[in-house]
Amino acid sequence: MRITLTVNGTVYRLDVEPRRVLADVLREDCRLTGTHLGCEHGVCGACTVLVDGAAVRSCLMFAVQCDGSSVCTVEGLAGPDGEPHPLQRAFSAEHALQCGFCTPGFLMVAAGALATDPALGDDPERVDALVGSNICRCTGYEPIRRAILRAAREQAGSATSSGRGAQDGAGR
């Protein structure tokens, strides 16, 4: 089946079998291997990407469901000049990764949440729920939580100082 995806701003015209999941198409056809496959049951969150701005488990979504959609993967978080996204900077500063396998999923679920609600950092319980939605076997979650809160503060500060309002973390 012919589909068109816009992934990180690049248009891909693909011929995919209807049964193929988005994660496989991103990794194999688009050659974007930052999206990781962990459990392949939608539990771990390592495969999280943004589809039209919403965080989804790409192991549970068929690629044909995304025909005509805009997809953002972890490779698309950095700015056009290569400047890291506030979440990427915060994850580094807070040592919120160890093996790194889960990191793309955490970055994407947090980017989607921050783009939807720039005030996310004002609600630690929501951040806890967000962190609890994905699985990490290395960090103990606290550095990830701190990183998301740091990025939320940074984004809120840059939006306030620029007078523009919140930036869309997914569309960078």
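The sulfur of Cys66 lies 11 Å from the closest cysteine sulfur, that of Cys30, and this is too far for a bond. Cys66 is also buried, at 0% relative accessibility. Cys99 takes part in no disulfide either. Its nearest cysteine sulfur belongs to Cys138 and is 3.8 Å away. A disulfide requires sulfur atoms within 2.5 Å. Cys99 is exposed, with a relative accessible area of 57%. The structure as a whole holds zero disulfides.

These results come from a predicted model. The average pLDDT of the protein is 91, and 92% of the residues score at least 70. Over residues 164–172, the pLDDT is below 50. That stretch has 21 contacts in the model beyond near neighbours in sequence.

Strand β3 was examined next. The strand spans residues 48–51. Thr48 and Leu50 point one way from β3, whereas Val49 and Val51 point the other way. In a regular strand, side chains alternate between the two faces of the sheet. All four of these β3 residues, Thr48, Val49, Leu50 and Val51, are buried.

Two strands pair with β3. One of them is β4, residues 54–57, which runs antiparallel to β3 over four bridges. Within this pairing, Thr48 has Arg57 of β4 as its bridge partner. The hairpin of β3 and β4 has two residues between the strands. In this hairpin, Asp52 takes a positive phi near 50°. The other pairing is with β5, residues 70–72. β3 and β5 are also antiparallel, over two bridges. Here the bridge partner of Val51 is Val71 in β5.

Helix α2 covers residues 86–93. Pro86, Leu87, Ala90 and Phe91 are buried in this helix. Seen down the axis of α2, the buried residues fall within an arc of 130°, and therefore line one face of the helix. Just after α2, His95 takes a positive phi of about 55°.

A search of the whole structure finds ten salt bridges. Arg20 takes part in two of the contacts described here. The side chain of Arg20 meets that of Glu28 in a salt bridge, at 3.0 Å from N to O. Arg20 also forms a salt bridge with Asp29, where the closest N and O atoms are 2.9 Å apart. Arg20 is buried, with a relative accessible area of 17%.

Arg150 is partly exposed, at 34% relative accessibility. Glu94 is buried, at 13%. Elsewhere, salt bridges that share partners join Arg20, Glu28 and Asp29 into one network.

Methods: Residues are numbered from 1 along each chain as its sequence is written. This is a predicted model: local features need pLDDT of at least 70, side-chain atom pairs count only at pLDDT 80 or more; totals for chains, interfaces and linings use all residues. Side-chain values use heavy atoms; hydrogens and water are left out. Buried means under 20% relative accessible area, exposed over 50%, partly exposed in between (1.4 Å probe, protein chains only). Two strands pair if DSSP finds at least two bridges between them. pLDDT is the predictor's confidence in each residue, from 0 to 100. Contact means heavy atoms within 4.5 Å. The arc is that of the directions from the helix axis to the C-beta atoms. A salt bridge is a side-chain nitrogen of Lys or Arg within 4 Å of a carboxyl oxygen of Asp or Glu.
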